[in-house]
Amino acid sequence: MKNIVIVGGGAGGLELATHLGNKLGRKKRANVTLIDRNQTHLWKPLLHELATGALDDGVEALSYRAHAHNHYFNFEQGSMVGLNRQHKYVELAPVYGDDGDMIVVSRRIPYDYLVIAIGSKSNDFNTKGVEENCIFLDSPAQAMRFQQKMLALFLKFRENQVLDDIGETESKQELVQDGHIHIAIVGAGATGVELSAELYNAAEHLSSYGYGQIDSSRLNVTLVEAGSRILPALPERISNDATEELRKLGVDVKTNTMIVEAEKKQLVTKDGQHIPADLIVWSAGIRTSGITKRFDGLEINRINQLVVKKTLQTTNDDTIFAMGDCCFFMQEDGKPVPPKAQAAHQMASRCAKNIIALFDNKPLKDFKYNDKGSLVSLSEFTAFGALGGKITGGSSMTIEGKIAQWMYVSLYRMHQAALHGCFKTGLIIVVGHLNRYLRPSLKLH
């Protein structure tokens, strides 16, 4: 029985493992194994909600082991640190517990067909101080770290307000700068824009939960973008509308502003300005992990993405596929496939069909990306989007408001349906509506 190994349990990787498990693993035609460094899966576009507490990972996170059991594939926890193409195995690093004890030793996982779907992470462009002073939102662990720091910052703000009220100004600690909460976000793509709006939604709820009276006059969120406008992947009109909406909320949107250094309590711009920040998030640009340089000679580009052929096979090894953000696929129009969840979803579908075709001795088909548009949600306030021409039957169409919010949520429902099927996803939706009445608006722990 042949071994299919998938490295990376993100949106595309988990959907692929689920599909191949149901089609090949269930019929004992192949051993399907999914590898990921984490124990649970969370849809990456939701990380900004996890960071503010708007999403409860205890409810939304999916156990890889439980899902593997239900869909006829195996799960191995670990990080891929090496690849041997001659002997066909991937090497996994040991897994350590919180106390530093080794839980799982290093392993070699054999494969006949390998799919690399390790995703991407934020690109700090080697900017001074970013690694030490900024938080990235590339994983649930990083999102939870942001949430803990955010809650501590809001609690400090409340403490200063209490001391002010009782007249104990001498006891006030230097907790927040000038009596305000300063949060800076570098990078005005979807993550940066959505997090900016989500912070104001969180502030409204936190005020009612005893974190002090926080409003737009006390919460200063600065969104910094090196380009000429926010949301460059969307049409300029939507970018302008989103900018206006963010400024109504209180966000200080700074475009054409390049950061050259991140310090502990501030950002330094190229023209010498200083942007105060008690908490800094870096969400500018993407790159693939440099671990791909150790993948036994597979072709990579300048940001470490694996270069693939039209069938999603790597250029110099037909038994190895790559998909999602970690692969570089050049389209016929000369543009690479963008790093979007919808691209990972479509690649997972094509990759699954091509691997099954290999088992059935049928020809492989080329991947063709169908850009269905882009959507961005400004928390509970509003949403914006642009639908691709293939959806509207002509030119692209812009949408906003309730219909855009509904379509934004539907993207996540499509991902859930790919994992669980339509019936179970329907039950998940019902439970989600019940939880809106049973659970607090924000997760505070």
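**View 1. Leu312 is buried, at 0% relative accessibility.** Buried stands for under 20% relative accessible area, exposed for over 50%, and partly exposed for what lies in between (1.4 Å probe, protein chains only). The model is predicted, so local features need pLDDT of at least 70 and side-chain atom pairs count only at pLDDT 80 or more, while totals for chains, interfaces and linings use all residues. Residues are numbered from 1 along each chain as its sequence is written, and side-chain values use heavy atoms, with hydrogens and water left out. Leu312 is not a glycine, yet its phi is positive, about 75 degrees. The loop that holds Leu312 runs between β22 (306-307) and β23 (313-314); helices (H or I, at least four residues) and strands (E, at least two) are DSSP runs, numbered from the N terminus.

**View 2. Tyr72 also has a positive phi, near 65 degrees, in a residue other than glycine.** Tyr72 belongs to the loop between α4 (64-70) and β5 (74-77). With 40% relative accessibility, Tyr72 is partly exposed.

**View 3. Glu76 and Arg107 form a salt bridge through their side chains (2.8 Å, N to O).** Glu76 is in strand β5 and Arg107 in strand β10 (residues 107-110), so this pair ties together parts that are 31 residues apart in sequence. A salt bridge is counted where a side-chain nitrogen of Lys or Arg is within 4 Å of a carboxyl oxygen of Asp or Glu. Glu76 is partly exposed at 28% relative accessibility, whereas Arg107 is buried at 15%. The whole structure contains twelve salt bridges.

**View 4. A salt bridge joins the side chains of Lys128 and Glu261 (3.9 Å, N to O).** This pair links distant parts of the chain, 133 residues apart: Lys128 sits in the loop between β12 (121-122) and α5 (130-133), and Glu261 in strand β17 (residues 259-262). Lys128 is exposed, at 56% relative accessibility.

View 5. Asp241 is partly exposed at 22% relative accessibility, and Arg237 is partly exposed at 42%. Salt bridges with shared partners connect Arg237, Asp241 and Glu400 in one network.

**View 6. A patch of positive charge on the surface gathers Arg145, Lys149, Lys156 and Lys264.** Patches consist of residues with over 30% relative accessible area and no salt bridge, joined within 9 Å for like charges and within 5 Å for nonpolar side chains (Val, Leu, Ile, Met, Phe, Trp, Tyr). Lys and Arg count as positive and Asp and Glu as negative, without His and the chain ends; the place of a charge is NZ of Lys, CZ of Arg, CG of Asp or CD of Glu. Lys149 is part of helix α6 (residues 140-165) and is partly exposed, at 39% relative accessibility.

**View 7. Val430, Leu434, Tyr437 and Leu438 make up a nonpolar surface patch.** Together they have about 520 Å² of accessible area, computed by the Shrake-Rupley method with a 1.4 Å probe, and for residues only the protein chains shown count as cover. Val430 lies in helix α12 (residues 422-438) and is partly exposed at 48% relative accessibility.
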